[in-house]
Amino acid sequence: MTSSLPLLYAARRERLAAALGPRAVAVVPTAPEQTRNRDGEFPYRHDSYFYYLTGFTEPGATLVVRTDAAGGVHSTLFCRAKDEAREIWTGYRLGPAAAPAALGVEAALPADALDSELPTLLDGAEVVAYPFATHAGLESQVAGWLDTLRARVRQGAVVPVRLQDACAVLDEMRLVKDTHELAIMRRAAAISASAHVRTMQRCAALLRRGEDVREYTLDAELAHEFRRHGSQFPAYTSIVAAGSNACVLHYAAGSTPVRAGELVLIDAGCELDGYASDITRTFPADGRFTGPQRAVYDLVLASQQAAVAAIRPGARFDDAHEATVAVLAQGLLDLKLLDANRVGTAEDVIATRAYQRFYMHRTGHWLGMDVHDCGSYVEPAEADRVQVRTDPLTGHTVRERPSRILQPGMVTTVEPGLYIRPGDDVPEAYWHIGIRIEDDAVVTPAGCELITRDVPVDADAIEALMRG
């Protein structure tokens, strides 16, 4: 960790402490290691909240942040003790002795001292904050510490009287990215874009040579490019969907052949230094769109352009989705995918949500340490403004609140799509066409910055790239 980073994480801990107020204790564990099968484990990935406050990636750790009556901040890290025998097998451990200097925490103790030390650290606090419903067994562990402390009241111990969800504070902190975070996210986006470019070009080149191309072939190209540029992991399981598989929203790469004349939808992004990227591109396997494919593609792209234009400070999070739906609703009528005699005008299509047959998801989500990042989609100051309506498709009662007002530093995806399954009322030329286009947008003072456009999005540009 560079010398300036401990100060960054310390500043975040101080913001958390200030939000909790005096005489508070926050307990934030990292993620546990997960067994894959028998004695094999999945690759370890830290907890995002914990990493946000520490920059520490080892398992078996817990951060405790305390504020005293005057608001002073004291941070204690519980981490794995040094163990030469274990380190021979599983790698270097930082250890409690080195942690304060390396991470900027005030104190560090062995992880196995957590249960014995926490009652003392909680003594005198009014509030205990921890991430609710995110770590199995943590609620019971907190209850155990409080029970131990309660047994000491005759000796003068003071037991906290209130529990608080630390996520409520940390989600708001993480929602607006700082310059350090945005720099990492731009690098992650650039790596992911290069992976998409490589995969598009390789797909067309292999098909031109007459080689067998499978979805897993393209998945391997993505993984190679992610890792070659220093990414630690894919940010999520890559979607590589050939032909009709593109109509399955969360399809995972399988062994389906990639065929000339069909489309390939790839939704893939890398994780770099704890931050995700998220890109989707849909392209013709052999490098040339058919007429129906191009018509649907251009409609989805036009809807994305409308969404991007709606992303700016002061706008609502839902504005991008509404702009997308307005374009798609009219386009579905123009392409005869929806029959105006049955569904009416574009306004009717929106009101009845008739478009949802072909477009069934939202246009974006927060992006950051997690690919579906934390942060409320409701404007906090307006959470009490509830509008009750009946959903026209399901008949269910829906309680709606005003969506989030965008601020500079927020990061959202922009990902409209159309997924056309066969139907008696659907022109056969469009059957099995699934198209999604996704970019990552940073809200800026002037509007938004698309950080994933190193991979082409225009249909002509995609064809030109794949000829190269």
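This is a predicted model: local features need pLDDT of at least 70, side-chain atom pairs count only at pLDDT 80 or more; totals for chains, interfaces and linings use all residues.
Reader: Thanks. So where is the place of threonine 282?

Author: Threonine 282 belongs to strand β14, which covers residues 279–284.

Reader: And is threonine 282 buried or exposed?

Author: Threonine 282 is buried, because its relative accessible area is 0%, and buried means under 20%.

Reader: Which backbone oxygen lies 2.8 Å from a polar atom of its side chain?

Author: The backbone oxygen belongs to arginine 436, and the distance of 2.8 Å runs from there to a polar atom of the threonine 282 side chain.

Reader: Is threonine 452 buried or exposed, then?

Author: Threonine 452 is buried, with a relative accessible area of 0%. Its side chain reaches the backbone nitrogen of aspartate 440 at 3.0 Å.

Reader: Staying with loops, where does alanine 31 lie?

Author: Alanine 31 is found in the loop between β1 (24–29) and β2 (35–37).

Reader: Why is alanine 31 classed as buried?

Author: Alanine 31 has a relative accessible area of 16%. Therefore alanine 31 counts as buried, since the cut-off is under 20%.

Reader: What separates the C-alpha atoms of alanine 31 and glycine 60?

Author: The two C-alpha atoms are separated by 7.6 Å, although alanine 31 and glycine 60 are 29 residues apart along the chain.

Reader: Let us change topic to the strands. In which sense do β7 and β8 pair?

Author: Strand β7 (residues 127–130) and strand β8 (residues 162–165) pair in the parallel sense, over four bridges. In this pairing, valine 127 has arginine 162 of β8 as its bridge partner. Likewise, valine 128 has leucine 163 of β8 as its bridge partner.

Reader: What unit do β7, helix α6 and β8 make?

Author: Together with helix α6 (residues 138–150), β7 and β8 form a right-handed β-α-β unit.

Reader: And how many bridges are there between β1 and β7?

Author: There are three bridges, and β1 and β7 also pair in the parallel sense. In this pairing, alanine 26 stands opposite alanine 129 of β7.

Reader: Which way do the residues of β7 point?

Author: Val127 and Ala129 point one way from β7, whereas Val128 and Tyr130 point the other way. All of these residues are buried.

Reader: How much space lies in the second largest pocket?

Author: The second largest pocket contains about 470 Å³ of space. It is lined by 24 residues, with Phe56, Thr57, Glu58, Pro59 and Tyr92 nearest its centre. At least two lining residues come from each of α1 (5–20), α3 (84–90), α4 (99–103) and α8 (179–208). The largest share, three residues, is from α8. By class, the lining has 11 nonpolar, five polar and eight charged residues.

Reader: And how many cavities of 30 Å³ or more does the structure hold?

Author: The structure holds one such cavity, and about 80 Å³ of space lies in the largest cavity.

Reader: Which residues line the largest cavity?

Author: Among them are Ile311, Arg316, Phe317, Ala320 and His321, together with Leu406, Thr412 and Thr413. Both α11 and β17 (411–414) give two or more residues to this lining, and α11 has the largest share, with three. By class, the lining divides into four nonpolar, five polar and one charged.

Conventions: Residues are numbered from 1 along each chain as its sequence is written. Side-chain values use heavy atoms; hydrogens and water are left out. On a 1 Å grid over the protein atoms alone, a cavity is a set of points where a 1.4 Å probe fits but cannot get out, and a pocket is an open set with protein on both sides within 12 Å along at least five of seven lines; lining residues have an atom within 4 Å of a point. Grid points are joined across faces, edges and corners, and a volume is the space filled by probe spheres set on the points. Ala, Val, Leu, Ile, Met, Phe, Trp, Tyr, Cys and Pro count as nonpolar, Asp, Glu, Lys and Arg as charged, and the others, Gly among them, as polar. Two strands pair if DSSP finds at least two bridges between them. A crossover is right-handed if, with the strands pointing away from the viewer, the path from the first strand over the helix to the second runs clockwise. Buried means under 20% relative accessible area, exposed over 50%, partly exposed in between (1.4 Å probe, protein chains only). A polar contact is a pair of N or O atoms within 3.5 Å; within protein, one must be able to donate a hydrogen and the other to accept it, and residues adjacent in sequence count only if both atoms are side-chain atoms.
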